Amino acid sequence: MAGVDVVIAEDSRIQAKILQKRLTDAGHAVRWAENGSDALVLVRERRPDIVISDIEMPVMTGYEFCKAVKSDPGLKTIPFIMMSTLSDPIDIIRGLDAGADNYVTKPYDPDYLLGRMQSLLDSPVGDTTEAAMLEVALAGQKFRVHAGRQQVLNLLVSTFENAVAKNQELIATNQDLSVTRDRLQQSNAELTNLNEEISRRNAQMVRDLEAAAKVQRSLLPAADVTLASAEVAWRYVPCHSLAGDFLNFFPLDDQHAGLFVVDVSGHGVPSSLMAVTVGRFLTPKVSEQSLLVRQGADGGLVIASPAEVATQLNRLFQADEFSGLYFTMLYGVLHLPSGRLDYVSSGHPALLRAAAAGGVEFHGIDGFPIGFVPDVEYEQRSLQLSPGDRIYLYSDGVTEAMDKDREPLGDQALADFIAGSRGQPLEQSVAGLLETVEQWCQPNGPLDDVSILGLEWRQAE
Amino acid sequence: MDQFRRIQAGKTGDIHMVLFKDKKILDDTVLDEIKSEIMTLIGKASGPDMLLDFGNVEFMSSAMLGLLGTLHRKIAAGHGRLKMCNIRPEIFQVFKLTNLDKLFSIHKDAPTALATFT
């Protein structure tokens, strides 16, 4: 299409700019006015080849502007395009009455608009002298419209084309929607599958954890184990389903009993795996693995000294770079007839003695945690118990238990409680200590595993 | 440039200075990140001297000791020296409980610690 002269009437500056750019790019000369009245001035100044007008404008609407052009004998053959949202069917009647030649619905497709201009310019608007009063019924109302046949035809065809174009857009949008809906349904199905998979795996994990916790419980004292001349009470509360702590006591032979509390650093799966592994070496049954007892050259049973046990463990369990896990342990061998306790500590909290005669004291030994320093020799000590004396082994989950202000329970509170519970049975004293720890940690509860092992020695009859 | 999330790393002469940024070194995630950041740092150096500054640390789990042990061995293996400073009493308690105050070289503050490297 050769460049033509276009007048546009549009009150929105932005809309006008966009339209102007489109038309200029297509090679047309454009004059713009922001209402019908100013546009009419432009049209009269110099007769354009085509007029494009918005409808809703201040001062003079598009209908009034169109009527003014179409009632001017010198201007009436200029093709007149109305830009309408066509939100109301009455718009068509108004357009007809005003004498508009064509409708383009907003928002418009620029190519469609240019095509429309082309066809209007190709078939010039006839002199609508045959314009007559027509009677139209719309939405139950009768309208009297002054229009020519050619104009009616053009306008209705353009309206129809618009409707078809809009309908096609609608169909395309619908198809997009239905594709999107299918995708959504597919995604939903995938999500459901994934959720089921997560539930399955979670259930598997819970089962595995339960199995692991069961294995770990096998590290704890057997229910039916008793010692000839000692009473034992213990409590063990892991802070997660799997713990790094474990404790045990057992007869080593008919004169000796072994007892220990082990605390592997950290909690959860890695620590508990380590605990189970360490536990296999701390068995009172003669085996390849037991570090506690072995068969002597004469066929008799040899009980390893606590220092020997710690030194061997340290050789076996050097913390590797990967896990960084280490453990502390207090291991004692009690000679049941005499009440002599030989013990070793590898960085473990001191054992506490509550003497039958009254008074409590801590007995600690300096020794690095197992796994820290290669080839270290552990030192052991002996403690002579008197009949009725009690000893308490425990993990740092007791003394380091933190209250809500992160204040640790501490050694003094432990000693005070044990001294105060001296008059109670051992079982009650141990249970009371656990309760004290749990009370201290309110409302959050212990953040570490809590292990307590208490023993009262009685001289054999 | 701050290349690490958990530690602030610098150098005084040939000595690597590592300042822990966290107030609390309690959960495993923090610990794992500290570990990998320090390992990245030493990965580049051979037999480094290192000073760990605990000035910001208010709470520390005993699992952190495992990391310090690993670090201690790794640095000693390369004939380097590991020292620590600015450890507040509550944190020092964690070292003392496990006797590790006797294994590690612990100093009051950074200048005191640096003076012992020469």
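Mentor: Two residues are in contact if their C-beta atoms, placed from the backbone, lie within 7 Å. Please keep in mind that this is a predicted model.

Trainee: How many residues of chain B are in contact with chain A?

Mentor: The contact has two sides, and chain A contributes 18 residues. On that side of chain A, the classes are eight nonpolar, six polar and four charged residues. The number of residues on the chain B side is 17.

Trainee: Is Asn86(B) buried or exposed?

Mentor: Asn86(B) lies in the loop between strand E6 (82-85) and helix H3 (89-97) of chain B. Its phi is near 60°, a positive value in a residue other than glycine. A residue is buried if 20 or more other C-beta atoms lie within 10 Å of its own. Because Asn86(B) has 21 other C-beta atoms within 10 Å, the term for this residue is buried.

Trainee: What is the phi of Asn99(B) near?

Mentor: Asn99(B) is located in the loop between H3 and strand E7 (105-107) of chain B. This residue has 20 C-beta neighbours inside 10 Å and therefore counts as buried. Asn99(B) is a residue other than glycine, yet its phi is positive, near 65°.

Conventions. Residues are numbered from 1 along each chain as its sequence is written. Chains are lettered from A and ligands numbered from 1 in the order in which they are written. This is a predicted model: local features need pLDDT of at least 70, side-chain atom pairs count only at pLDDT 80 or more; totals for chains, interfaces and linings use all residues. Helices (H or I, at least four residues) and strands (E, at least two) are DSSP runs, numbered from the N terminus. A residue is buried if 20 or more other C-beta atoms lie within 10 Å of its own, exposed if 12 or fewer, and partly exposed in between; C-beta atoms are placed from the backbone. Ala, Val, Leu, Ile, Met, Phe, Trp, Tyr, Cys and Pro count as nonpolar, Asp, Glu, Lys and Arg as charged, and the others, Gly among them, as polar.
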